[in-house]
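Good morning, colleagues. Please look at the chain on the screen while I take you through selected parts of it.

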Amino acid sequence: IFIYFSWEVLRFLLSNLRMWIEDYHFDGFRFDGVTSMLYHHHGIGTGFSGDYNEYFGLHVDEDALCYLMLANHMIKFLHPECITIAEDVSGMPALCRPVAEGGGGFDYRLAMAIPDKWIQIIKELKDEDWNMGNIVHTLTNRRYKEKYIAYAESHDQALVGDKTLAFRLMDAEMYTNMSVLSPLTPVIDRGIQLHKMIRLITHALGGESYLNFMGNEFGHPEWLDFPRRGNNESYHYARRQFNLTEDHLLRYRFLNAFDRDMNKLEERFGWLASPPAFVTEKHESNKVIAFERAGLIFVFNFHPYQSYVDYRVDDFKYKILLDSDAAEYGGHQRLDHGTEYFSEEYPHNYRPNSLMV
């Protein structure tokens with residue numbers, strides 16, 4: 001417990017930040033539990049709806065807020081190359097705007113609602129009951145010009161006591177049916193395809209930066225657990241089996257290849273540094289989400305069994321750049337990558353032109 005307005009404590013906290021940067025070459029900090037710091041009620045029993053009355057008033061801990069502003073100002077003044085990230089679930093306005101603008105000074109806020117949403121959907125809903133509008137809302141619900149870090153699954157899901165995204169999708173079959181020599185079961189097929197789609201839509205729609213936890217990109221089947229008294233100081237789960245992606249007889253390499261090419265495509269077009277996406281379609285019965293960002297059009301078909309032919313989307317000259325259904329990603333090769341698609345004067349989704357894919 002720190003008393004932020006005590007000058008001795010303040011000097012200790014600030015010098016501590018500087019020490020980790022200059023002596024240990026840290027390139028930034030993730031401030032944990034910022035919501036608990038910002039408010040006297042610590043966020044306990046409070047549902048933040050976005051109303052400004054929830055963020056301004058006597059319930060705000062001004063000393064803690066001033067400390068965060070001062071810490072960010074000092075870090076940026078001495079080491080402008082460093083980044084700072086706030087773990088805040090409240091959505092405090094301007095927390096991720098410069099101190100000079102009256103903001104909190106953080107560079108990014110973690111989009112903590114996104115991994116929680118994916119887990120809730122997978123645990124509680126049948127595939128045919130997924131709500132496209134709700135998914136889009138969760139992925140786009142962020143304050144304008146405040147940068148967010150999007151991630152499909154959190155560190156808590158990779159630790160003992162919970163399940164990774166891949167393990168929730170495929171569970172015990174990851175130990176028995178991930179070999180290419182065995183038949184592709186419905187569980188593994190569904191899990192691999194959704195794993196790719198969830199990561200891409202989170203990457204492209206969910207923020208201005210993307211976070212992945214070690215091993216999750218290729219669907220590591222096991223949790224992470226460090227030696228402790230509760231597991232008899234065991235090292236059994238204190239590792240990631242990176243050899244899984246190197247074995248061409250295992251399907252983990254498909255997920256890893258998709259993650260690699262997804263990041264390479266972002267590096268080429270820079271959608272994370274682009275303005276927020278323009279969502280053109282969130283069709284509930286078709287289970288289709290379409291949006292535009294960085295000069296690209298993204299189309300996702302979340303329907304559990306329906307593949308579409310001649311599906312109309314918005315106006316572009318269109319060529320496939322990344323296809324989760326491609327063979328190298330463990331897909332079914334249902335799309336022709338050699339075809340170019342041209343828009344026509346046919347109004348669709350409030351646009352004057354559209355094309356058929």
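This is a predicted model: local features need pLDDT of at least 70, side-chain atom pairs count only at pLDDT 80 or more; totals for chains, interfaces and linings use all residues.

H303 is buried, since its relative accessible area is 17%, where buried means under 20% relative accessible area, exposed over 50%, and partly exposed in between, with a 1.4 Å probe and protein chains only. Residues are numbered from 1 along each chain as its sequence is written, and side-chain values use heavy atoms, with hydrogens and water left out.

H303 sits in the loop between strand 8 (296-301) and strand 9 (312-314); helices (H or I, at least four residues) and strands (E, at least two) are DSSP runs, numbered from the N terminus. What surrounds H303? Beyond its neighbours within four places in sequence, H303 is in contact with S285, N286, K287 and Y308, contact being heavy atoms within 4.5 Å. The H303 side chain also reaches the backbone nitrogen of Q306 at 3.1 Å.

I turn now to helix 5. Within this helix, residues 132-140, the buried positions are M132, G133, I135, V136, T138 and L139. An α-helix has 3.6 residues a turn, so residues three or four places apart point the same way. Among the elements that cover the buried residues of helix 5 are helix 4 (113-124), helix 8 (186-205), strand 6 (278-283) and strand 7 (288-293). At the start of helix 5, a side-chain oxygen of N131 comes to within 3.1 Å of the backbone nitrogen of G133.

Finally, the domains. The assignment, from an automatic or database source, gives domain 1 (7-110) and domain 2 (112-356). Their C-alpha centres lie 31 Å apart. Across the boundary, 19 residues of domain 1 are in contact with twelve residues of domain 2. The two domains bury about 1200 Å² between them, 55% of it on carbon and sulfur atoms; buried area is the accessible area (1.4 Å probe) that two parts lose on being put together, summed over both. In domain 1, Y108, R109 and L110 lose the most area to domain 2, together 51% of what that side buries.

How many salt bridges link domain 1 and domain 2? The count is one, a salt bridge being a side-chain nitrogen of Lys or Arg within 4 Å of a carboxyl oxygen of Asp or Glu. The side chains of R109 and E146 form a salt bridge at 3.6 Å, N to O. Strand 3 (residues 108-110) gives the most to the side of domain 1 that touches domain 2, with three residues.

Conventions:
A polar contact is a pair of N or O atoms within 3.5 Å; within protein, one must be able to donate a hydrogen and the other to accept it, and residues adjacent in sequence count only if both atoms are side-chain atoms.
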